[in-house]
Structure formats: structure tokens, C-alpha cells
Amino acid sequence: MSTMIATRDAYGQTLAELGEENKNIVVLDADLSGSTKTSIFAKKFPERFFNMGIAEANMVGTAAGLAAAGKIPFVSTFAIFAVGRAWEQVRQSAAYPKANVKIVATHGGVTVGEDGGSHQSVEDIAIMRAVPNMTVIVPADGPETAKAIRAAAAYKGPVYVRLGRNKVPTVTAEETPFEIGKGVQLADGTDLTFVTTGLMTAQALAAAETLKGEGISARVVHLATVKPLDGDILLKAARETGAIVTAEEHSIVGGLGGAVAEFLGENSPVPLKRVGVNDRFGTSGKAEELLKYFGLMPADLVEAARGVVARKGK
Amino acid sequence: MDSEKIAQLQEKARQLRVDIVKTLHKSQSGHTGGSLSAIDMVTALYFQVMKHNPADPAWPGRDRFVLCKGHAAPALYVALAEAGYFPKEDLMTLRRLGSHLQGHPDSKQTPGVEVCTGSLGQGLSMANGMALGLRLDGSSSRVYAMLGDGELQEGQVWEAAMAAGHYKLDNLCALVDVNRLQIDGEVAKVMAVEPVTDKFRAFGWNVIDIDGHDMGAIVAALGQAAGAKGKPTVIVARTVKGKGVSFFENKASYHGVAPSDEELPKAMECLGEQCYL
């Protein structure tokens, strides 16, 4: 298949480039800079990098203060801590004043792997999506991460970007457009649409190939931006294909699946299945094993696709 | 500082106490006690110490004030109105639907308010961020952050205290309004925070302990803070909750209660104002 790049690596590189281009970019980390890859920026621009120690609440508040002083702060730690430990600081200090704070969390989802359920954030998309003023982005691959980070830096206001730990296949092309709030169609199809985010987009593309052999034509719509939701692309998919399968490396509660179900339920109800972590916590294991364990493999998407297609017209 | 100037500031603080009581009486909702305990320090900041420009609230050269104890918003609002950030009549809209004067400070809505506070424990972190940002820019502007003593129970305050010491933020001055009371009663009984001075000293701060209603001491301490190099300064100000209105003083029950119709004229009398009802 295509090249394999971890989204966190793409983030680290892009952040260092941005630091060169814009001296208002500052970066904060909570003792995880080697893992989040902000260490690349830290080496190049030590005076604009602030290690805040293992104190995420203060880190987010400090970032809000830096934003108030005209800086563009990027805040990084693992998703579970950025969203979990510092939730109310994200809400009160960053989102409520519409502060120009970029929260770029790595190690989202179950593919964190061996560290286990304590470190596997399966609720962060739902939690961030519920916060007013917040933009939520979950890139599919390395190149898209680079575009997303640049878009986040250019956007005025709070942004949550969720990245992963492991290398993931590149599914977008260099020319694939990235615009906050806009989805992209990566494969066309007529019988159903996979609406996916993050690394599940690659799984859906693989599933679509398998389905082709069965005579089922699956469209793949990748929503890097979970909020604001691209309603146009969803309506088009619902009307033209008549069935939807959502897929995310996240709980099926409140994340991408929740957002799509809410939107289509109100605007264009069609058979819909949410694929994700089934309202449970993560567990230790290898990333690949966990994707299988939690039902996030192409085979699981194939089965979900058959199910929604069978429900059409009933 | 000459005694005449001190007397002028004391008179200003008295007038602002009157404004606080009138504002809260009109809104019939809000925090009386903690606004009255804080106002002498707020007065010294806005009318003596801070560089700021009410005609241009975003003036880059301004000093910044963060009201971490956001429930004392009336103390901030009356000072901003008096300074000319917005018309004084606006005070009478406090906490009403559509008012730019929210129950707790909102930087999106009120000219002169720097950040959103109200959820306790978050303001000092934001003040740290401002101080770091100003230092990066080589600015001589200073950042002032006012906390309550009950607020010190929030763990984030100590994360922020640690970070300010670590980053040697000498352009930052925190003021702790130690009025000794919180909603459920005495701070010492609910969750003891003393010794406050020792705690900040242990985190690498320059510590000044004063009477928070002694205008001369407040102004002197703020001047001393500006001269302290290599570490942030905290002014631990011993105050009286409800200060200036005898029947509000030292009563936890007036933490979040506005003056009634009956109390208003008595409060005005305490503050040396004619009854205006």
C-alpha cells in the first residue's frame, strides 16, 4: 500500500515549519514532548516552547493567556489528558472567550495499545464536540495532518485536533483539498456511503474494495472535520446512496456517528449503522489486535455495509 | 506617596463601594461581600498603578488585570465604568439578559475585561500566559491577578503558582484577597489554606503581607512588586468581607446576596452617602 506516517510525526514536522514562518507560534507540552513530537519545535525554538510539567489544567489556562497576549499557542499532550484532565479549562479559559488556542492531542483512540484503557481516549471527540465555539478535526493520515495543522494555525479561535500514535497509511493525495468544515469523497459508490474520520477512513477504503467483489458499490466520505459538520456532503450521500455506515476509532456515543445520526435523523433519515468502540473502555494489547478486538477492521465495516444495504427500502 | 493622593484614592474607593452596593441592589443578584473586600486594591490598580487607556482597551502597552475571583465582577465593573470604559448607566443592567455585564467577567462582551473568569482557580494560569507572552515581546507591561483565599483551595492555583515561580515571572503580581470567608463559612473551617505566605514563598514567590484596606500599604506593596526581579510577587492582603457596610462585614451569608430595599439606605449611610431612594 501507500506510505505509512504517524499523524503525530507529521504534526511535529509541520509545527517546526510553522515556527519558522510565524514567530507568534508558541508551543506548550506537559512532559510528553517526545511522544507528541513537539520536541522538534522545542529544539528549534526553545524560547517559544514551554514545558509546563505534568499539570494539564494550568497548561491550557496558560495557553489561553498567551492567546490573550496575541500569541498562537499549540497545546499538546495525550488526548485523554488534554480533554479529560483539562476539560473545564478548555471550556472556560479557551472556548468560552473564543481564545486562539490550538489543542493538538496525540494518542487518541484504542491504538495507543499496550498502555491500556487508562490511556485510551474513546470519549474525546464527543466531549470536544459538545463545547460551543470548538472546532474538532481528526485527520486521516500524515499529509492531511500537515494541512490540518496549517489550517488550524490560520483559523482564529479554539481548535481541537486529534492525532494517533501509530503509523497509518496515506489515503489522501497531495492535491486533496483541506478546508475546515468540508468533507472529501475519496471513493465513489451508489449503494451506501461510509462516513469516516481518522484512521477508519483507510479501513473503509479497504472495505469498499472488498464490497466491490460482492457487487456492492460503497462511497467513502472522509470527514476530517467532525465539527462543524459538513451537512451538504452528508445530504448528498444520503440521497444518492440511501444508506450510511459511520466509522471512528472512538465510542459510538457522541462522536462522528452521533453527529451524523443527529444530522441525518433530522434532515434525511436513511438506514444508518455506527461502527466504533461500543460504549466501553479500552484495554491493553497491540494496536492491530485492538482494532480487531473492538470491531474496527475492514471486515467489520463490510458486515455493517451489508446490514444497512439490506435495510434499504424496508 | 503623599497623603493627599492617598486620601483621593480612599475617596475614590468609597465612591466605588457606593456604586457596588447600588449596582447589586438594582440587579438583586450578585456577590456583595467579596466585591467590597476587593475594591480598595482594585481602586489602587485602576486609578494609580496600572497603565491603561479606557479609550483604547486593546492598547498593546497596557498593564493587564485578571479578576481570578470572578464573582467579584461588580468591583471590576464599577472601576471600569468610573475609568470610562463604558457608561456608568450600564451598571444598572448587571446580570440582565442582553447586558454586556455578565454575572462573571466576559472578555467577549465587556470593554476592559481581558479574559473570561468565574470558574475559580483558572485566572492565575491565564495571567501566567499573558506574562509569558508579554515577556516574549519584550514588553514592559505588567500583569495583575486577584485571587480569593477560598479560591486557593483549587489545585490549579498551585500548578500556576509553581509555573510562575519556575518561569520567574517578575512581570506578574498576584493579589490574594484574604477575607477569610467562603460560601459555606470560614475558610479555616471549610478547608484551611493558611499559611498562605509560606506556601507562595515555597513556590519561589516574593511575598508581601499587608492590610488590604490600607490604601498607602496597597500602593506601596504594588510599587515594591514592580521592583522585585527574578520572581513573581504575591501581595497577601488581609481584608474584611463586606468592608464598609457594617452589617455586611465578616458575614459569610453576604457572600452571594444582594442588598435588599431595606438594607440599601442603611448601607448608603454606612458609606457616607445620602439616602437616594
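Trainee: At what angle do helix H10 and helix H11 of chain A pack?

Mentor: Please keep in mind that this is a predicted model. Helix H10 of chain A covers residues 231-241, and helix H11 of chain A covers residues 256-267. Their axes are 11 Å apart, and the two helices pack at an angle of about 65°.

Trainee: Which classes of residue make up the contact of H10(A) with H11(A)?

Mentor: From H10(A) come Gly231(A), Leu234(A), Leu235(A) and Ala238(A), which meet Val260(A), Phe263(A), Leu264(A) and Asn267(A) in H11(A). H10(A) passes H11(A) in a right-handed crossing. By class, the contact of H10(A) with H11(A) holds no charged residues, 2 polar and 6 nonpolar.

Trainee: Which parts of chain A does the salt bridge between Arg150(A) and Glu17(A) tie together?

Mentor: The side chains of Arg150(A) and Glu17(A) meet at 3.0 Å, N to O. The pair ties together parts that are 133 residues apart in sequence, because Arg150(A) lies in helix H8 (residues 142-154) of chain A and Glu17(A) in helix H1 (residues 7-21) of chain A. The parts are therefore H8 and H1 of chain A.

Trainee: How much area is buried between chain A and chain B?

Mentor: The size of an interface is often given as the accessible area lost when the parts come together. Here 24 residues of chain A are in contact with 24 residues of chain B. In chain A, Asn58(A), Gln92(A) and Tyr96(A) lose the most area to chain B, together 26% of what that side buries. Carbon and sulfur atoms give 57% of the buried area, which is about 2000 Å².

Trainee: Which residues form the salt bridge between chain A and chain B?

Mentor: Side chains of opposite charge can pair when their charged atoms come close. The count between chain A and chain B is 1 salt bridge. Its closest N and O atoms are 2.5 Å apart, and the partners are Lys71(A) and Asp137(B).

Trainee: Which element gives the largest share of the side of chain A that touches chain B?

Mentor: Across this interface there are 13 residue pairs in polar contact. Strand E3 (49-51), helix H4 (56-68) and helix H6 (87-95) of chain A each supply at least two residues of the side that touches chain B. That side divides into 11 nonpolar, 8 polar and 5 charged residues. The largest share, 9 residues, comes from H4(A).

Terms used:
Residues numbered from 1 in each chain as written. Chains lettered and ligands numbered in written order. Predicted model: local features only at pLDDT ≥ 70, side-chain atom pairs only at ≥ 80, totals over all residues. Heavy atoms only, no water. Contact = heavy atoms within 4.5 Å. Buried area = accessible area lost by both parts, 1.4 Å probe. Salt bridge = Lys/Arg side-chain N within 4 Å of Asp/Glu carboxyl O. Polar contact = N/O pair within 3.5 Å; in protein donor to acceptor, adjacent residues only side chain to side chain. Helix = DSSP H or I, 4+ residues; strand = E, 2+ residues; numbered from the N terminus. Nonpolar A, V, L, I, M, F, W, Y, C, P; charged D, E, K, R; others polar. Axes fitted to C-alpha atoms, helices over the stretch in contact; angles between N-to-C directions. Left-handed = near helix turned anticlockwise from the far one by under 90°.
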